[in-house]
Amino acid sequence: MTKHEEIARHTIAVLVDNEAGVLARVIGLFSGRGYNIESLTVAEVDAAEQLSRITIVTSGTRMIIEQIKNQLRRLVPVHKVSDLTIEGPHVSRELALVKVAGTGDKRVESLRIAEIFRARPVDATNDSFVFEVVGATDKVDAFIKLMEPLGLVDVSRTGAVAIARGPNPI
Amino acid sequence: MTGAEILLKALVDQGVEVLFGYPGGAVLPIYDELFKQNRLKHVLVRHEQAAVHAAEGYARSTGKVGCVLVTSGPGATNTVTGLTDALCDSVPLVCFTGQVPTSLIGNDAFQEADITGITRPCTKHNYLVKDVNNLARTVHEAFHVARSGRPGPVLVDLPKDVVQAKGEYQGPSKLKSKYKPPVKGDIKAIEKAVDMIAHAKRPLFYVGGGVVNSGAAACQLLTQFVRMTGFPCTQTLMGLGGFPGSDPQSLGMLGMHGTYEANLAMHGCDLMINVGARFDDRVTGRLNAFAPNSKKIHIDIDPSSINKNVAVDLAVVGDAAHILEDMIKVWKARQARVDDKALKAWWSQIDQWRSRNCLHYENSNKLIKPQYAIQRLYELTKDRNPYICTEVGQHQMWAAQHFRFEQPNHWMTSGGLGTMGYGLPSAMGVQMAHPGALVIDIAGESSIQMNIQELATLAQHRLPVKVFILNNQYMGMVRQWQELIHGGRYSESHMHTHPDFVKLAEAFGAVGLRAEKPSEVDDLIKEMIAVDRPVVAELRTDASENCFPMIMPGMAHNEMVLGPEDRSVDKPGSEEDGMVLV
C-alpha cells in the first residue's frame with residue numbers, strides 16, 4: 001500500500017431497508033472512518049418491500065473504495081451494494097434549481113444560456129428566474145459557473161442519482 | 001401477553017440462562033416480570049459497564065450470546081464502553097436498555113438518552129422497538145445478528161409503554177431475517193490456498209480470535225491442519241488457546257510484546273496463512289516493513305477485514321471451521337505434500353531464534369518479579385484448567401507471554417479496545433457460566449480500581465473469583481512508555497496512594513491476601529485457590545520491571561527490543577514510512 005496511489009471517483013448504489021436510522025448508519029460509517037462523501041441522495045424506491053436506494057459519490061484509492069463497499073455490505077439493513085463506476089456503463093443525472101437575480105442584458109443572457117443547457121425557468125419575477133437544470137454533474141457545474149456573472153444568488157442541487165445501463169436491476 | 005412477558009419468553013426461547021443488569025425506572029415492568037419467574041437468573045452488578053463486561057466473559061467462555069438488561073439514560077450510557085469493547089473483540093451480546101415511553105421520546109424527558117443514536121457506531125446493530133407486536137421478532141433477530149457472521153454486540157431499546165402494552169408472541173422459528181452472512185468459503189480459493197501451502201518454503205500460520213469465535217470445532221480443525229503440515233503457528237492476543245500453547249509447533253504470541261521467534265518468523269516467512277486475524281497495528285508493527293517477502297492468505301468471515309490494512313494475495317471469506325474442513329479435505333484428496341527439506345531448514349532457523357529465550361528475565365530473591373508471579377500462578381493452577389481474565393497493561397502482556405492456553409475459551413482479555421477494568425466483571429460472567437471452575441482475574445493495581453465495586457457483586461452472588469493483583473505502584477505500561485519514549489518523565493502515572501487491598505477485600509466480604517517477598521508467592525497462590533470464596537490477592541512486585549520483548553511504536557518485527565540492555569530502544573519510529581502507530 002502506498003499513499004501516493006491514485007484517487008478515483010466512484011458512484012455507488014446501495015439498496016437498504018427503509019427504516020429509521022438507516023441513513024445515519026451510512027453517513028456515520030463515512031464520517032467515522034474518514035471517507036469522503038461528494039454527494040448522497042436517498043429516496044424510497046419500493047414501497048411494498050420498503051426499500052430505499054442511496055446513491056453515493058465518493059472518492060478514494062482502490063483499497064479505500066473496496067473498504068467502503070465492504071463496510072457498507074456489513075451493515076445489517078444494507079441488501080445490495082453496486083459500484084456503478086466499475087461494474088459497466090451507467091447513467092448519472094443530477095437536478096439543480098438555480099436562482100438568478102438581475103435585470104437588463106444579464107437577465108436576457110441568462111435566459112439564452114439556459115436554453116442552450118435545456119434549463120427550464122420554473123419561477124420568474126420581474127427581477128429573477130429560478131432555472132431547473134438536469135444532467136450529468138459536469139453539465140450542472142458548467143451551467144452554474146456560467147450563471148455566476150449573470151446574478152447567481154442561490155443554488156439547490158439533488159446530488160447525483162445513477163443507474164446501470166442495460167436490462168439488469170441492481 | 002405484556003411486552004415484558006414477551007421479552008422474557010423470547011429470552012428463554014433463545015436459550016438465555018442469565019442476565020447481567022441493574023434496574024431503574026424505565027425497566028421496572030421488566031424487573032417485575034423477572035421477579036415472578038425462576039427460569040432466568042439475574043446478576044445484580046454495581047455499575048452497568050460491569051454488566052456488559054460480565055456478559056462478555058460469559059459469552060467468551062461459553063460461545064453463547066451474553067445478555068444485559070439496564071435502564072434508560074445513565075444506565076444505557078454506562079454500557080457504551082462495554083459495547084465498544086465487545087465490538088472490537090467480536091463478542092456476541094444482546095443489551096436491552098430501557099427507554100422513556102414513546103410519547104416522551106425526543107422531549108428531553110427524565111433519564112432519556114438517544115441510546116440507539118449514541119451506540120450506532122459501537123454496536124453491530126441496534127433497534128428501537130416502537131410497537132409491542134414487533135418485540136418478539138426484534139429480540140429473535142437481535143440474537144441472530146449477534147451470533148451470525150462476525151459476532152458482535154446488538155442493542156435493543158425498549159420504551160416503557162411498549163413493555164407494558166399487550167401484544168402477540170411469536171417464536172424464534174418464525175423469524176425470517178434477511179441477514180445471512182456467508183459461511184462456506186469459495187472452493188476455488190481453498191484449492192488455490194492448498195497449492196500455495198504445498199509450495200511454501202518458509203510458511204507460518206497466524207491465528208487470531210476468529211478461530212476461537214468460530215468455535216471448538218474450528219480450533220480442533222486448525223490444530224489438525226497445522227499438525228498435518230508441520231508448519232509453525234503463532235497466535236495473536238485474541239487467538240491464544242486457538243492452538244495448544246504448549247505444542248512444539250506453537251511459537252507463542254506475536255506482535256508488540258510477542259516472542260522473538262514469532263516476530264522474526266513473521267518477518268522472514270514466504271507464506272503467511274492468516275486464520276481469523278485482522279492485521280491489527282499491535283501485530284503488524286510498521287506496515288511497509290511487515291513480512292516483506294511473503295505471500296499472504298487471509299481467511300476471515302468479515303469481507304471488510306480483507307485488504308483493510310494489508311493487501312493479501314488470496315482471500316477466503318467464510319467461517320473458519322467450514323473453510324478449514326474443506327481445506328483438509330482438499331489437502332487429503334490431492335495427497336498434497338509439504339516441502340520437507342525447506343521446512344526442515346526453516347525450523348532450524350526458528351529453533352535458533354527460540355534459543356534466544358526471549359521471555360527470560362533476571363529473577364530476584366528480594367523483589368517479586370511480575371513474570372515470576374505469573375509463572376508460578378501458571379504452574380500451580382494449570383492442572384485445574386483455569387479460566388484467566390485480565391485487565392489491561394503490563395500484567396496483561398506478561399500473562400499472555402507466561403501463561404499457556406491449551407484450549408479455546410479459557411482466556412478473556414480486552415484486546416482491541418484495551419479496556420482497563422475489563423477483567424473483574426468479565427471473571428464474574430465466566431464464573432456464572434462455570435460455577436465449579438477456577439476463575440482468576442490477573443490484574444494490576446490501577447486497572448482493578450476501575451471496576452473494583454464489583455467485589456460486592458462477587459460477594460452477593462457467592463462467586464469465588466480470584467483477583468490476582470500485581471501491585472507495582474504505577475500504571476505500569478504508561479510508566480514503561482514514559483521511561484522508554486518520554487525521557488523518564490513519569491507524568492501522572494504514579495498513584496501515590498492505594499487502598500489497602502487486604503482490608504478492602506474484607507470490607508467487601510472477600511478474603512484478602514498479600515505477598516511481599518518471592519518466597520511468599522507459592523503459599524499465597526495455594527491459599528488463594530484453596531478458599532472457596534472471592535479472594536483479592538495482592539502481590540507487591542518490582543516497580544521498575546518492564547515488559548519485553550517490545551516492538552517500539554513505528555518499528556518493524558525485526559527491530560524488536562529484547563530487554564533493558566538492548567540499545568535499539570533509541571531508534572525513533574518514522575511517520576513517513578506508513579501508518580503512524582501510537
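**Packing in the two-chain model**

B:Val94 touches B:Val65, B:Cys67, B:Ala142, B:Phe143, B:Ala146, B:Val154 and B:Val156, leaving aside residues up to four places away in sequence; residues are in contact when their C-beta atoms, placed from the backbone, lie within 7 Å. This is a predicted model, with local features needing pLDDT of at least 70 and side-chain atom pairs counting only at pLDDT 80 or more, while totals for chains, interfaces and linings use all residues. Residues are numbered from 1 along each chain as its sequence is written, and chains are lettered from A and ligands numbered from 1 in the order in which they are written.

B:Val94 also turns up, with B:Val68, B:Leu93 and B:Leu222, among the residues with the most contacts inside the largest nonpolar core, which has 193 residues. Such a core is a set of buried Ala, Val, Leu, Ile, Met, Phe, Trp, Tyr and Cys residues joined through C-beta atoms within 7 Å, buried meaning 20 or more other C-beta atoms within 10 Å of a residue's own. Apart from it sits another core of 12 residues, including A:Phe129, A:Val133, A:Val140 and A:Phe143.

The axes of helix 1 (residues 3–13) and helix 7 (residues 135–147) of chain B come within 9 Å and cross at roughly 30°, the axes being lines fitted to C-alpha atoms over the stretch in contact, with angles from 0 to 180 degrees between N-to-C directions. Helix 1 of chain B is therefore roughly parallel to helix 7 of chain B (angles under 35 degrees). On the helix 1 side, B:Gly3, B:Ile6, B:Leu7 and B:Ala10 make the contact, and on the helix 7 side B:Leu135, B:Ala136, B:Val139 and B:His140. By class, that contact has six nonpolar, two polar and no charged residues (Ala, Val, Leu, Ile, Met, Phe, Trp, Tyr, Cys and Pro are nonpolar, Asp, Glu, Lys and Arg charged, and the others, Gly among them, polar).

For helix 3 (residues 48–62) and helix 18 (residues 423–433) of chain B, the axes come within 6 Å and cross at roughly 45°. Their contact holds 10 nonpolar, six polar and one charged residues.

Between the chains, 16 residues of chain A are in contact with 15 of chain B. Helix 2 of chain A gives the most to its side, with seven residues. That side of chain A divides into five nonpolar, seven polar and four charged residues.

How values were computed. Helices (H or I, at least four residues) and strands (E, at least two) are DSSP runs, numbered from the N terminus. Angles under 35 degrees count as roughly parallel, over 145 as roughly antiparallel, 65 to 115 as roughly perpendicular and the rest as oblique. Two residues are in contact if their C-beta atoms, placed from the backbone, lie within 7 Å.
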